[in-house]
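Subject: Handing over a structure

Dear colleague,

Here is the structure that I promised to pass on, followed by an account of what was found in it. Please keep it open beside this message while you read.

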Amino acid sequence: MGQRSSKFFRDPIHGYIEVDQEFLPIIDSPFFQRLRRIKQLAFTDLIYHGAEHSRFGHSLGAFDLATEIAERLGIKNKTKKDEFRLAALLHDVGHPPYSHAFESALEEVYKDRKHEQYTEVIIRDTEIGDLIESIGLSKNAIVKLIRGKYVEQPEFSYLNDLISSELDVDRLDFLLRDSYYCGVPYGEYDIQRLLLAMRKKGKMIVIDEKARHAAESFILARFWMYTQVYTHHTRRAFDIMLKNVFTKDTMKNLRFPAPTKKDISRLLVCDDAWLTGKINDLAASPRRTNEKIMASHFVKREPVKRVIEKIAYMELDSQRIDPDFTAIETLENFKEEIATEAKIDPEFIFFDKPWKDLPFESRYRQYTQEKEGSAINLIFRDGKIRDIALDLSSLAYNVSKWKARIVRVYTPDEKRNELGKIIARKCPSVKNLIISK
Amino acid sequence: MLVVLLMGEKEKKSLDVFSSLIIDLFKIKKKVLGKVDCQKTVYFAKRLGAPVPFDFRWNIFGPYSYELAHNCDYLVMEGLLQYTGEYKLNNRFAGHHVSKLEPKIKNRLKKFFEEVDETCEKRGYNRILFMECAASFDFVQSNIEEGTRRKEKVSDLLDELKPEKKEDFRRMSDDAWNLLVQSKLVN
């Protein structure tokens with residue numbers, strides 16, 4: 001039997017994904033296999049039950065797109081091409097259990113524990129790094145590409161953007177994948193048209209103007225997925241609950257590894273099942289703490305409920321401050337008084353601003369005359385290049401001038417009506433925003 | 001009506017770590033001349049030891065953080081910052097702010113931004129462009145192999161990374177590099 005030249009992974013989004021023989025040991029390594037046990041969308045399957053897909057599939061999807069883009073752009077330097085493909089494959093390898101949901105909880109307790117830092121240590125200091133070097137590639141170059149710091153060879157600096165920017169392999173894959181598994185059509189766009197129209201002009205990735213509609217549908221797909229899936233009120237409820245299960249006190253007992261060479265091997269067991277076990281343990285603990293109460297609600301799938309919700313789209317340039325938001329934020333300063341009157345522990349009144357702390361941008365970049373920031377650039381027949389958000393005839397021009405703002409107040413279900421009544425009495429101006437059973 | 005009553009009171013808005021840091025930085029720097037200047041100000045704050053929670057990536061204007069841009073937009077929407085081409089702090093929120101920055105880092109930042117101002121004044125540089133130049137020099141020098149971190153090498157790379165700024169950056173390169181050396185950002 002001759003040596004296999006590659007292996008195919010059947011993927012529901014991209015069909016067969018071909019992986020070179022020399023990359024297979026990386027995929028088979030324990031750190032990469034761990035991604036099979038980390039759901040891409042954390043608790044979203046508690047709302048959209050199909051959303052049980054993993055970071056493993058998404059990473060392969062990003063790799064496949066990187067391969068296709070590298071071919072289309074005609075990258076001849078095999079080393080750079082393969083480093084770019086591996087950067088796409090490994091960009092999420094350091095995600096903690098339950099992805100961004102637990103990452104937010106970690107950040108509340110520790111400084112410097114972002115998934116990018118774990119990714120960097122895994123690539124530099126574990127067998128993955130050795131495997132990369134054994135095939136003649138640079139682990140440093142891959143880390144730098146993932147972190148947007150590859151400047152050593154300026155002619156390849158555009159590869160930074162293809163790993164993370166407005167139009168990158170990460171977003172190109174996760175919108176389609178999340179949309180498919182959630183069973184919502186909002187994230188769909190014409191990926192083949194977009195890839196066909198992709199070119200390199202100088203150090204910039206541009207889209208042929210003829211494919212403007214495909215670029216616009218990509219931007220709208222992002223907007224809809226963020227509003228309908230990623231910031232869904234029940235998903236956010238579980239994210240909030242997780243943060244309140246793992247507070248400073250309980251986080252200490254987890255002994256979650258730090259992103260260091262010494263600690264990183266302990267990350268191998270830290271998957272979704274491991275964290276679920278910890279939540280179950282807390283729910284069963286004999287001490288009646290707030291963390292235990294939250295864990296018990298979690299285990300029974302009893303999300304905290306919205307008492308108030310305000311969603312508005314605001315034009316950034318207008319400098320207008322909506323009085324409803326001011327009113328809700330002022331309420332936050334008087335949480336204790338309201339809680340006493342409603343006979344609720346103030347720690348069980350949660351103020352949430354989902355658009356503010358998203359680990360990824362909420363929509364296409366905002367209109368700015370200074371043009372700073374990565375962009376989706378169109379190239380016109382005359383060779384001129386223009387950011388789609390600054391092109392007056394583009395749908396994105398109007399979409400990008402607005403920013404969504406959401407504020408929600410949550411509390412456990414049994415206290416929801418009582419809290420709503422007290423807020424309505426104390427603050428009649430927000431009465432119409434109160435959600436009751 | 002609770003809210004109406006409260007609105008008349010002194011604001012006691014609870015600030016998150018980032019908002020608190022932005023107030024500190026804007027008070028130290030005094031003038032933040034727009035979005036590019038803001039990005040580079042926060043970038044240098046991070047490099048000089050301030051607890052900035054964002055990562056910076058290479059971008060057309062040098063180091064850039066989308067999260068920072070996103071968060072600044074929210075500070076404008078929430079009224080903490082005003083943006084009219086320049087950023088200004090809203091004193092209604094910032095007036096009573098108690099700094100959480102370590103005095104040592106605060107002094108380091110103060111000295112750094114004073115040095116930037118002095119250099120721009122003395123040489124007649126555009127402040128935003130000089131900040132962009134210094135930040136680009138710093139980003140490139142700190143992300144290339146240690147043994148190659150020389151001014152000439154960084155200048156050559158920047159010529160290729162930002163050809164449209166080649167002349168300006170070459171003109172400012174000595175001052176930008178000296179600033180980095182004085183601030184101990186270059187080994």
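I begin with a pair of strands, β4(A) and strand β7 (residues 377-379) of chain A, which pair in the parallel sense over three bridges; two strands are taken to pair if DSSP finds at least two bridges between them, and strands are DSSP runs of E with at least two residues, just as helices are runs of H or I with at least four, both numbered from the N terminus. Within this pairing, the bridge partner of A:Ile207 is A:Leu378 in β7(A), while A:Asp208 stands opposite A:Ile379.

Before going further, please note that this is a predicted model, in which local features need pLDDT of at least 70 and side-chain atom pairs count only at pLDDT 80 or more, whereas totals for chains, interfaces and linings use all residues. Residues are numbered from 1 along each chain as its sequence is written, and chains are lettered from A and ligands numbered from 1 in the order in which they are written.

The other neighbour to look at is strand β3 (residues 198-201) of chain A, which runs antiparallel to β4 (residues 204-208) of chain A and is joined to it by four bridges. One of the pairs here puts A:Lys200 across from A:Ile205 in β4(A), and in the hairpin of these strands, which has two residues between them, A:Gly202 takes a positive phi near 60°. These strands belong to an open sheet of four, with the order β3-β4-β7-β8 (chain A) and mixed pairing. Its edge strands are β3 and β8 (385-387) of chain A, each of which pairs on one side only. The twist in this sheet averages 45° from one strand to the next, where axes are lines fitted to C-alpha atoms, for helices over the stretch in contact, and angles run from 0 to 180 degrees between N-to-C directions.

A further open sheet has three strands in the order β5-β9-β6 (chain A), with antiparallel pairing. Because β5 and β6 of chain A stand at the edges with a single partner strand each, one side of each is left without a neighbour in the sheet. Here the twist averages 10° from one strand to the next. Strand β5 (residues 305-315) of chain A is joined to β9(A) by 10 bridges, and among the facing residues are A:Ile311, opposite A:Ile406 in β9(A), and A:Met314, opposite A:Lys403 in β9(A). Strand β6 (residues 350-352) of chain A is joined to β9(A) by three bridges, with A:Asp352 opposite A:Arg408.

As for the chain as a whole, the secondary structure of chain A comes to 20 helices and nine strands, and 49% of its 437 residues count as buried. The C-alpha atoms of chain A fill a box of roughly 70 × 55 × 35 Å, taken along the principal axes.

Note on methods. Buried ≥ 20, exposed ≤ 12 C-beta atoms within 10 Å, placed from the backbone.
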